[in-house]
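This report goes through a sheet, the helices that cross it, and a few ring contacts. Please keep the sequence and the model open while reading.

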Amino acid sequence: ESWQARIHGRVLDVGVGTWEYPRHLFQQRCQYTATDCFEHPNIDIVSDIHTLSEVFAPEQFDFVICTDVFEHTQRPWVAARQLYHVLKPGGILLLTTPFNFHLHSNEFVKDYWRLSADGLCQLLVEEAGFKDIEISPIGHPEFPFSHTVVAHK
């Protein structure tokens, strides 16, 4: 919500699942596309975060939103590179991921990772190539509930 006024152009929401709220926030002002690895009425295009480049052209989106997905990715280093791949030069990745949060998986979605700010920086800057990255803890800085990331391509 805090970024709602700044988000514009082509927006890809990766791993949105059944959550319809982001569509309501952005569809009136953006070209909003929702993707996830399973079929659902809320999903525009079924795709896996590890293989976005097989579904989407390179440098296609102005913004990529990825909310609480990285803990469910088997290979977050591959996912980070895929998010970078679909962003236009100057594009922005908005990402959140839990840190001090209970394990939450089911038969379809596993729970693999908890990433520190240093780990997120390693993945997004060193592995994927993002620049000008800002990582903000939510909660106590030394024991955050989660992290919010703003990364520029």
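Over the face of which residue does Arg 10 lie, and at what distance from the ring centre? The residue is Phe 61, and the distance is 5.1 Å. The model is predicted.

## The sheet

Seven strands make up an open sheet with mixed pairing. Their order is β3-β2-β1-β4-β5-β7-β6. The edges are formed by β3 (45-46) and β6, each of which pairs on one side only.

Thr 35 has Ile 45 of β3 as its bridge partner. In general, strands of a sheet pair through backbone hydrogen bonds, in a parallel or antiparallel sense.

## Helices across the sheet

Helix α2 lies across β1 (10-14), β4 (61-67) and β5, and runs at about 145 degrees to β5. Helix α3 lies across β5, β6 and β7 (143-152), with an angle of about 155 degrees to β6.

## Aromatic pairs

The structure holds five aromatic pairs. One of them joins Trp 77 and Trp 113 edge-to-face, with 6.1 Å from centre to centre and 80 degrees between the planes. Trp 77 belongs to helix α2 (residues 76-86), while Trp 113 is in the loop between β5 (87-98) and α3 (117-127), so this pair ties together parts that are 36 residues apart in sequence. Trp 77 is partly exposed, at 33% relative accessible area; Trp 113 is also partly exposed, at 31%.

Why does the pair of Tyr 84 and Phe 130 count as edge-to-face? The ring centres of Tyr 84 and Phe 130 are 5.1 Å apart and the planes stand at 90 degrees; planes over 60 degrees apart count as edge-to-face. This pair also links distant parts of the chain: Tyr 84 is in helix α2 and Phe 130 is in the loop between α3 and β6 (131-140), 46 residues apart.

Is Phe 130 buried or exposed? Phe 130 is buried, with a relative accessible area of 1%, whereas Tyr 84 is partly exposed at 23% relative accessibility. Buried means under 20% relative accessible area, so Phe 130 falls in that class.

The ring of Tyr 84 has a charged group over it as well: the charged end of Lys 153 sits 4.4 Å from the ring centre. Tyr 84 thus takes part in an aromatic pair with Phe 130 and lies under the charged end of Lys 153.

Notes
Residues are numbered from 1 along each chain as its sequence is written. This is a predicted model: local features need pLDDT of at least 70, side-chain atom pairs count only at pLDDT 80 or more; totals for chains, interfaces and linings use all residues. Side-chain values use heavy atoms; hydrogens and water are left out. Rings of Phe, Tyr and Trp (its six-membered ring) pair if their centres lie within 6.5 Å; planes under 30 degrees apart count as stacked, over 60 as edge-to-face and the rest as tilted. Helices (H or I, at least four residues) and strands (E, at least two) are DSSP runs, numbered from the N terminus. Buried means under 20% relative accessible area, exposed over 50%, partly exposed in between (1.4 Å probe, protein chains only). A charge sits over a ring if NZ of Lys or CZ of Arg is within 6 Å of the ring centre and within 35 degrees of the ring normal. Two strands pair if DSSP finds at least two bridges between them. Contact means heavy atoms within 4.5 Å. Axes are lines fitted to C-alpha atoms, for helices over the stretch in contact, and angles run from 0 to 180 degrees between N-to-C directions.
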